[in-house]
Amino acid sequence: MKQDTHSWSPRTAAIIWRILAICFMITLWLFGDGTREGITLIFLLGIMALARWRFDLPAWTTLIDQAACLLFIPLWPEAWLGLALPLFEIALAGQLWLILPTIAACIGYAKLDVTLYFIYFQSLVLGKITSSWQTGIHHYREEADQERRDRYELEMLKGELLAANVQIAQLAELKERSRISQKLHDDVGHELTAALLAFQAFEQLWKEQDDGATEMFEQALQRLRNSSQELRETVHNMKPVHVSEISGIEDICLNFNAIPVQLHIYGDTSEVAVYLWMILRSCLKEALTNAVRHSQASRVEVSLDVSDSIVRLSVENDGVITSSDESGIGLRNLRQRAHSVGGTISTNTNHGFQLVCVLPIRKEGIR
(Lines give C-alpha, C1' and ligand atoms only; values in the text may rest on other atoms or scores of the structure.)
Protein backbone atom coordinates (compact mmCIF):
# COMPACT_ATOMS: atom_id res chain seq x y z
CA MET A 1 0.00 0.00 0.00
CA LYS A 2 1.21 3.46 -0.88
CA GLN A 3 1.78 5.73 2.08
CA ASP A 4 0.84 9.39 1.82
CA THR A 5 3.45 11.54 3.52
CA HIS A 6 1.69 14.90 3.16
CA SER A 7 0.80 16.27 6.63
CA TRP A 8 -2.63 17.47 5.51
CA SER A 9 -3.56 14.72 3.10
CA PRO A 10 -6.98 13.00 3.14
CA ARG A 11 -5.30 9.89 4.50
CA THR A 12 -3.92 11.85 7.42
CA ALA A 13 -7.34 13.39 8.06
CA ALA A 14 -8.91 9.92 8.15
CA ILE A 15 -6.24 8.74 10.62
CA ILE A 16 -6.89 11.74 12.88
CA TRP A 17 -10.65 11.06 12.83
CA ARG A 18 -10.12 7.40 13.77
CA ILE A 19 -7.80 8.35 16.61
CA LEU A 20 -10.29 10.93 17.95
CA ALA A 21 -13.13 8.42 17.74
CA ILE A 22 -11.16 5.76 19.62
CA CYS A 23 -10.05 8.32 22.25
CA PHE A 24 -13.66 9.44 22.68
CA MET A 25 -14.75 5.83 23.23
CA ILE A 26 -11.96 5.33 25.76
CA THR A 27 -13.06 8.50 27.62
CA LEU A 28 -16.63 7.18 27.79
CA TRP A 29 -15.37 3.88 29.16
CA LEU A 30 -13.14 5.57 31.77
CA PHE A 31 -15.93 7.82 33.07
CA GLY A 32 -18.53 5.05 32.83
CA ASP A 33 -18.78 1.81 34.67
CA GLY A 34 -15.56 0.48 33.11
CA THR A 35 -16.92 -2.90 32.03
CA ARG A 36 -14.81 -5.52 30.33
CA GLU A 37 -17.23 -5.56 27.41
CA GLY A 38 -16.59 -1.87 26.76
CA ILE A 39 -12.82 -2.16 26.61
CA THR A 40 -13.16 -5.29 24.47
CA LEU A 41 -15.24 -3.39 21.90
CA ILE A 42 -12.82 -0.46 21.94
CA PHE A 43 -9.96 -2.91 21.40
CA LEU A 44 -11.73 -4.49 18.39
CA LEU A 45 -12.52 -1.10 16.85
CA GLY A 46 -8.93 -0.02 17.43
CA ILE A 47 -7.62 -3.14 15.66
CA MET A 48 -9.87 -2.47 12.64
CA ALA A 49 -8.82 1.20 12.53
CA LEU A 50 -5.14 0.21 12.71
CA ALA A 51 -5.65 -2.35 9.93
CA ARG A 52 -7.28 0.27 7.70
CA TRP A 53 -4.39 2.63 8.34
CA ARG A 54 -1.85 -0.03 7.41
CA PHE A 55 -3.71 -1.83 4.62
CA ASP A 56 -6.35 -1.01 2.02
CA LEU A 57 -9.17 -3.10 3.44
CA PRO A 58 -12.29 -3.55 1.30
CA ALA A 59 -15.40 -1.57 2.20
CA TRP A 60 -17.38 -4.64 3.26
CA THR A 61 -15.11 -5.04 6.32
CA THR A 62 -17.12 -2.20 7.91
CA LEU A 63 -19.81 -4.82 8.45
CA ILE A 64 -17.47 -6.36 11.03
CA ASP A 65 -17.31 -3.08 12.97
CA GLN A 66 -21.09 -2.67 12.83
CA ALA A 67 -21.71 -6.26 13.92
CA ALA A 68 -19.31 -5.86 16.86
CA CYS A 69 -21.02 -2.65 18.01
CA LEU A 70 -24.53 -4.11 17.64
CA LEU A 71 -23.54 -7.25 19.58
CA PHE A 72 -22.06 -5.22 22.46
CA ILE A 73 -24.95 -2.71 22.74
CA PRO A 74 -26.93 -4.89 25.25
CA LEU A 75 -23.77 -5.27 27.34
CA TRP A 76 -22.42 -1.71 27.01
CA PRO A 77 -24.95 0.96 25.83
CA GLU A 78 -22.19 3.39 24.78
CA ALA A 79 -21.52 1.00 21.91
CA TRP A 80 -24.14 3.03 19.99
CA LEU A 81 -21.53 5.77 19.67
CA GLY A 82 -19.03 3.25 18.31
CA LEU A 83 -21.17 2.96 15.16
CA ALA A 84 -19.99 6.45 14.16
CA LEU A 85 -16.59 5.00 13.23
CA PRO A 86 -17.80 2.43 10.65
CA LEU A 87 -20.24 5.01 9.25
CA PHE A 88 -17.29 7.30 8.57
CA GLU A 89 -15.44 4.44 6.84
CA ILE A 90 -18.51 3.65 4.70
CA ALA A 91 -18.85 7.26 3.52
CA LEU A 92 -15.11 7.39 2.90
CA ALA A 93 -15.33 4.29 0.69
CA GLY A 94 -18.46 5.62 -1.07
CA GLN A 95 -20.47 2.42 -0.36
CA LEU A 96 -23.48 3.87 1.43
CA TRP A 97 -25.54 0.68 1.07
CA LEU A 98 -23.35 -0.85 3.79
CA ILE A 99 -25.10 1.30 6.45
CA LEU A 100 -28.24 -0.89 6.18
CA PRO A 101 -27.44 -2.84 9.41
CA THR A 102 -27.11 0.44 11.34
CA ILE A 103 -30.37 1.78 9.85
CA ALA A 104 -32.17 -1.42 10.79
CA ALA A 105 -30.83 -1.20 14.35
CA CYS A 106 -31.90 2.44 14.67
CA ILE A 107 -35.42 1.55 13.50
CA GLY A 108 -35.55 -1.29 16.00
CA TYR A 109 -34.59 1.08 18.82
CA ALA A 110 -36.99 3.92 18.18
CA LYS A 111 -36.16 5.73 21.43
CA LEU A 112 -32.64 6.78 20.48
CA ASP A 113 -31.46 10.27 21.40
CA VAL A 114 -31.44 12.92 18.64
CA THR A 115 -27.83 13.71 19.54
CA LEU A 116 -26.85 10.21 18.46
CA TYR A 117 -28.43 10.73 15.04
CA PHE A 118 -26.54 14.00 14.74
CA ILE A 119 -23.25 12.21 15.48
CA TYR A 120 -24.06 9.59 12.82
CA PHE A 121 -24.90 12.29 10.29
CA GLN A 122 -21.71 14.18 11.13
CA SER A 123 -19.64 11.02 10.63
CA LEU A 124 -21.19 10.44 7.21
CA VAL A 125 -20.61 14.06 6.19
CA LEU A 126 -16.98 14.00 7.32
CA GLY A 127 -16.43 10.74 5.49
CA LYS A 128 -17.97 12.15 2.31
CA ILE A 129 -15.89 15.33 2.52
CA THR A 130 -12.71 13.32 3.04
CA SER A 131 -13.66 11.04 0.14
CA SER A 132 -14.24 14.00 -2.19
CA TRP A 133 -10.95 15.51 -1.06
CA GLN A 134 -9.15 12.24 -1.77
CA THR A 135 -10.82 11.92 -5.19
CA GLY A 136 -9.82 15.47 -6.12
CA ILE A 137 -6.19 14.85 -5.18
CA HIS A 138 -6.24 11.59 -7.13
CA HIS A 139 -7.50 13.35 -10.25
CA TYR A 140 -4.95 16.11 -9.78
CA ARG A 141 -2.12 13.59 -9.54
CA GLU A 142 -3.36 11.76 -12.63
CA GLU A 143 -3.42 15.03 -14.56
CA ALA A 144 0.06 15.94 -13.28
CA ASP A 145 1.40 12.50 -14.23
CA GLN A 146 -0.17 12.78 -17.67
CA GLU A 147 1.32 16.24 -18.10
CA ARG A 148 4.76 14.93 -17.16
CA ARG A 149 4.38 12.04 -19.60
CA ASP A 150 3.30 14.41 -22.37
CA ARG A 151 6.21 16.73 -21.60
CA TYR A 152 8.64 13.80 -21.65
CA GLU A 153 7.24 12.61 -24.99
CA LEU A 154 7.53 16.13 -26.41
CA GLU A 155 11.15 16.36 -25.24
CA MET A 156 11.87 12.98 -26.82
CA LEU A 157 10.18 14.07 -30.04
CA LYS A 158 12.12 17.31 -29.98
CA GLY A 159 15.38 15.43 -29.60
CA GLU A 160 14.46 13.14 -32.48
CA LEU A 161 13.61 16.14 -34.67
CA LEU A 162 16.94 17.77 -33.84
CA ALA A 163 18.78 14.57 -34.68
CA ALA A 164 16.77 14.28 -37.90
CA ASN A 165 17.69 17.88 -38.74
CA VAL A 166 21.37 17.00 -38.43
CA GLN A 167 20.91 13.93 -40.60
CA ILE A 168 19.07 15.95 -43.23
CA ALA A 169 21.90 18.50 -43.31
CA GLN A 170 24.43 15.70 -43.69
CA LEU A 171 22.41 14.06 -46.45
CA ALA A 172 22.05 17.38 -48.25
CA GLU A 173 25.82 17.85 -48.13
CA LEU A 174 26.35 14.32 -49.41
CA LYS A 175 23.84 14.91 -52.22
CA GLU A 176 25.62 18.11 -53.23
CA ARG A 177 28.96 16.33 -53.29
CA SER A 178 27.46 13.56 -55.37
CA ARG A 179 26.01 16.09 -57.83
CA ILE A 180 29.36 17.86 -58.23
CA SER A 181 31.17 14.55 -58.63
CA GLN A 182 28.68 13.42 -61.25
CA LYS A 183 29.00 16.68 -63.17
CA LEU A 184 32.80 16.50 -63.17
CA HIS A 185 32.65 12.89 -64.31
CA ASP A 186 30.05 13.38 -67.05
CA ASP A 187 31.24 16.70 -68.47
CA VAL A 188 34.84 17.46 -67.58
CA GLY A 189 35.92 13.84 -67.43
CA HIS A 190 34.35 13.06 -70.78
CA GLU A 191 36.07 15.99 -72.51
CA LEU A 192 39.45 15.18 -70.95
CA THR A 193 39.18 11.56 -72.07
CA ALA A 194 38.27 12.63 -75.58
CA ALA A 195 41.21 15.09 -75.61
CA LEU A 196 43.58 12.34 -74.47
CA LEU A 197 42.42 10.05 -77.25
CA ALA A 198 42.74 12.88 -79.77
CA PHE A 199 46.32 13.57 -78.69
CA GLN A 200 47.18 9.88 -78.97
CA ALA A 201 45.75 9.83 -82.48
CA PHE A 202 47.63 13.04 -83.30
CA GLU A 203 50.88 11.50 -82.07
CA GLN A 204 50.46 8.51 -84.35
CA LEU A 205 49.49 10.61 -87.36
CA TRP A 206 52.37 13.00 -86.71
CA LYS A 207 54.84 10.13 -86.70
CA GLU A 208 53.41 8.92 -90.02
CA GLN A 209 53.50 12.52 -91.35
CA ASP A 210 49.84 12.27 -92.20
CA ASP A 211 48.03 15.43 -93.30
CA GLY A 212 45.25 14.71 -90.81
CA ALA A 213 47.59 15.30 -87.88
CA THR A 214 46.89 19.02 -87.89
CA GLU A 215 43.11 18.48 -87.80
CA MET A 216 43.45 15.96 -84.99
CA PHE A 217 45.62 18.40 -83.03
CA GLU A 218 42.93 21.08 -83.38
CA GLN A 219 40.29 18.62 -82.13
CA ALA A 220 42.41 17.81 -79.08
CA LEU A 221 42.89 21.49 -78.28
CA GLN A 222 39.15 22.09 -78.62
CA ARG A 223 38.46 19.23 -76.23
CA LEU A 224 40.83 20.77 -73.71
CA ARG A 225 39.16 24.17 -74.11
CA ASN A 226 35.75 22.58 -73.53
CA SER A 227 36.88 20.71 -70.41
CA SER A 228 38.54 23.86 -69.08
CA GLN A 229 35.32 25.82 -69.64
CA GLU A 230 33.21 23.15 -67.91
CA LEU A 231 35.59 23.05 -64.95
CA ARG A 232 35.60 26.85 -64.69
CA GLU A 233 31.77 26.98 -64.71
CA THR A 234 31.49 24.21 -62.12
CA VAL A 235 33.93 25.92 -59.76
CA HIS A 236 32.23 29.28 -60.32
CA ASN A 237 28.84 27.83 -59.37
CA MET A 238 30.28 26.27 -56.22
CA LYS A 239 30.19 28.84 -53.42
CA PRO A 240 32.47 27.74 -50.58
CA VAL A 241 30.22 26.89 -47.64
CA HIS A 242 32.68 27.82 -44.93
CA VAL A 243 33.25 31.26 -46.44
CA SER A 244 29.49 31.87 -46.52
CA GLU A 245 29.06 30.69 -42.91
CA ILE A 246 31.93 32.81 -41.63
CA SER A 247 30.37 35.77 -43.39
CA GLY A 248 27.13 35.01 -41.55
CA ILE A 249 28.92 35.09 -38.19
CA GLU A 250 30.68 38.31 -39.13
CA ASP A 251 27.43 39.90 -40.29
CA ILE A 252 25.71 39.08 -36.99
CA CYS A 253 28.51 40.76 -35.03
CA LEU A 254 28.76 43.70 -37.42
CA ASN A 255 25.02 44.40 -37.51
CA PHE A 256 24.62 44.19 -33.73
CA ASN A 257 24.48 47.89 -32.88
CA ALA A 258 23.32 47.76 -29.26
CA ILE A 259 26.78 46.92 -27.86
CA PRO A 260 30.23 46.97 -29.53
CA VAL A 261 31.24 43.43 -30.53
CA GLN A 262 34.79 42.23 -31.15
CA LEU A 263 35.14 39.03 -33.17
CA HIS A 264 38.24 36.79 -33.15
CA ILE A 265 38.54 33.74 -35.41
CA TYR A 266 41.25 31.11 -35.05
CA GLY A 267 41.86 27.91 -36.99
CA ASP A 268 40.66 26.42 -40.27
CA THR A 269 36.92 27.12 -40.42
CA SER A 270 36.54 24.97 -43.55
CA GLU A 271 36.61 21.94 -41.23
CA VAL A 272 33.27 22.96 -39.66
CA ALA A 273 30.23 21.21 -41.16
CA VAL A 274 27.13 23.08 -42.32
CA TYR A 275 24.84 21.77 -39.57
CA LEU A 276 27.32 22.92 -36.91
CA TRP A 277 27.26 26.48 -38.25
CA MET A 278 23.49 26.55 -37.69
CA ILE A 279 24.00 25.84 -33.97
CA LEU A 280 26.87 28.31 -33.69
CA ARG A 281 24.80 31.12 -35.23
CA SER A 282 21.91 30.41 -32.86
CA CYS A 283 24.25 30.46 -29.84
CA LEU A 284 25.76 33.75 -30.95
CA LYS A 285 22.36 35.39 -31.41
CA GLU A 286 21.10 34.09 -28.05
CA ALA A 287 24.21 35.33 -26.20
CA LEU A 288 24.04 38.78 -27.81
CA THR A 289 20.33 39.07 -27.05
CA ASN A 290 20.90 38.10 -23.40
CA ALA A 291 23.68 40.69 -23.15
CA VAL A 292 21.14 43.41 -23.94
CA ARG A 293 18.19 42.05 -21.96
CA HIS A 294 19.81 40.81 -18.79
CA SER A 295 22.99 42.82 -18.26
CA GLN A 296 24.45 46.29 -18.49
CA ALA A 297 27.36 45.30 -20.71
CA SER A 298 29.54 47.87 -22.46
CA ARG A 299 31.31 45.42 -24.78
CA VAL A 300 31.11 41.83 -26.02
CA GLU A 301 34.02 39.54 -26.91
CA VAL A 302 33.27 36.77 -29.43
CA SER A 303 35.90 34.09 -30.00
CA LEU A 304 35.60 31.27 -32.56
CA ASP A 305 38.37 28.69 -32.22
CA VAL A 306 38.58 25.67 -34.57
CA SER A 307 40.97 22.83 -33.73
CA ASP A 308 41.43 19.39 -35.22
CA SER A 309 38.59 17.82 -33.25
CA ILE A 310 36.32 20.59 -31.89
CA VAL A 311 34.98 24.03 -32.65
CA ARG A 312 34.59 26.34 -29.66
CA LEU A 313 32.47 29.49 -29.61
CA SER A 314 32.83 31.83 -26.63
CA VAL A 315 30.64 34.92 -26.18
CA GLU A 316 31.54 37.02 -23.13
CA ASN A 317 30.34 40.41 -21.93
CA ASP A 318 31.43 42.61 -19.02
CA GLY A 319 27.95 43.47 -17.76
CA VAL A 320 26.25 42.89 -14.42
CA ILE A 321 23.59 40.22 -14.52
CA THR A 322 20.21 41.70 -13.59
CA SER A 323 18.03 38.71 -14.49
CA SER A 324 19.41 35.20 -14.84
CA ASP A 325 18.16 33.29 -17.85
CA GLU A 326 20.31 30.20 -17.45
CA SER A 327 17.19 27.98 -17.30
CA GLY A 328 15.27 29.85 -19.97
CA ILE A 329 13.67 28.27 -22.99
CA GLY A 330 16.29 29.68 -25.37
CA LEU A 331 19.28 28.14 -23.58
CA ARG A 332 17.44 24.85 -22.97
CA ASN A 333 16.73 24.54 -26.68
CA LEU A 334 20.33 25.37 -27.56
CA ARG A 335 21.64 22.77 -25.11
CA GLN A 336 19.40 20.14 -26.66
CA ARG A 337 20.55 21.04 -30.16
CA ALA A 338 24.19 20.90 -29.09
CA HIS A 339 23.61 17.59 -27.29
CA SER A 340 22.05 16.09 -30.42
CA VAL A 341 25.40 16.45 -32.24
CA GLY A 342 27.50 15.42 -29.23
CA GLY A 343 28.35 18.94 -28.04
CA THR A 344 27.85 20.97 -24.88
CA ILE A 345 26.84 24.50 -23.89
CA SER A 346 27.91 26.02 -20.58
CA THR A 347 27.51 29.43 -18.96
CA ASN A 348 29.60 31.39 -16.47
CA THR A 349 28.40 34.39 -14.46
CA ASN A 350 31.46 35.07 -12.30
CA HIS A 351 32.52 38.10 -14.33
CA GLY A 352 29.64 39.31 -16.45
CA PHE A 353 28.07 36.58 -18.56
CA GLN A 354 29.88 34.05 -20.73
CA LEU A 355 28.35 31.42 -23.01
CA VAL A 356 30.64 28.67 -24.31
CA CYS A 357 29.54 26.24 -27.03
CA VAL A 358 31.79 23.27 -27.82
CA LEU A 359 30.91 21.04 -30.79
CA PRO A 360 32.83 18.02 -32.09
CA ILE A 361 34.18 17.94 -35.65
CA ARG A 362 33.74 14.57 -37.30
CA LYS A 363 36.44 13.93 -39.85
CA GLU A 364 35.40 10.38 -40.71
CA GLY A 365 32.59 9.95 -43.18
CA ILE A 366 30.25 12.87 -43.70
CA ARG A 367 30.89 16.07 -41.85
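Modeller: A salt bridge is a side-chain nitrogen of Lys or Arg within 4 Å of a carboxyl oxygen of Asp or Glu. Please note that the model is predicted.
Biologist: How many salt bridges does a search of the whole structure find?
Modeller: The search finds six.
Biologist: Which residue meets Asp 65 in a salt bridge?
Modeller: The partner of Asp 65 is Arg 52, at 2.8 Å from N to O. Asp 65 belongs to helix α3 (residues 62-72) and Arg 52 to helix α2 (residues 36-54), so the pair links distant parts of the chain, 13 residues apart.
Biologist: Are those two buried or exposed?
Modeller: Both Asp 65 and Arg 52 are buried.
Biologist: Which residues are linked with Arg 299 in a network of salt bridges?
Modeller: The network joins Arg 299 with Glu 301 and Asp 318. The closest N and O atoms of Glu 301 and Arg 299 are 3.3 Å apart, and Arg 299 meets Asp 318 at 3.9 Å. Arg 299 lies in the loop between α10 (274-293) and β2 (300-306), and Asp 318 in the loop between β3 (310-317) and α11 (329-340), so their pair ties together parts that are 19 residues apart in sequence.
Biologist: What is the relative accessibility of Asp 318?
Modeller: Asp 318 has 34%, which counts as partly exposed. Arg 299, at 41%, is also partly exposed.
Biologist: Now the helix. Which residues of α6 are buried?
Modeller: In helix α6 (residues 100-108), the buried residues are Thr 102, Ala 105 and Cys 106. They lie on the same side of α6, because they cover an arc of only 100° around the axis.
Biologist: What does the face turned away from the buried side carry?
Modeller: That face of α6 carries the exposed residues Leu 100, Ile 107 and Gly 108.

Definitions and conventions:
Residues are numbered from 1 along each chain as its sequence is written. This is a predicted model: local features need pLDDT of at least 70, side-chain atom pairs count only at pLDDT 80 or more; totals for chains, interfaces and linings use all residues. Side-chain values use heavy atoms; hydrogens and water are left out. Buried means under 20% relative accessible area, exposed over 50%, partly exposed in between (1.4 Å probe, protein chains only). Helices (H or I, at least four residues) and strands (E, at least two) are DSSP runs, numbered from the N terminus. The arc is that of the directions from the helix axis to the C-beta atoms.
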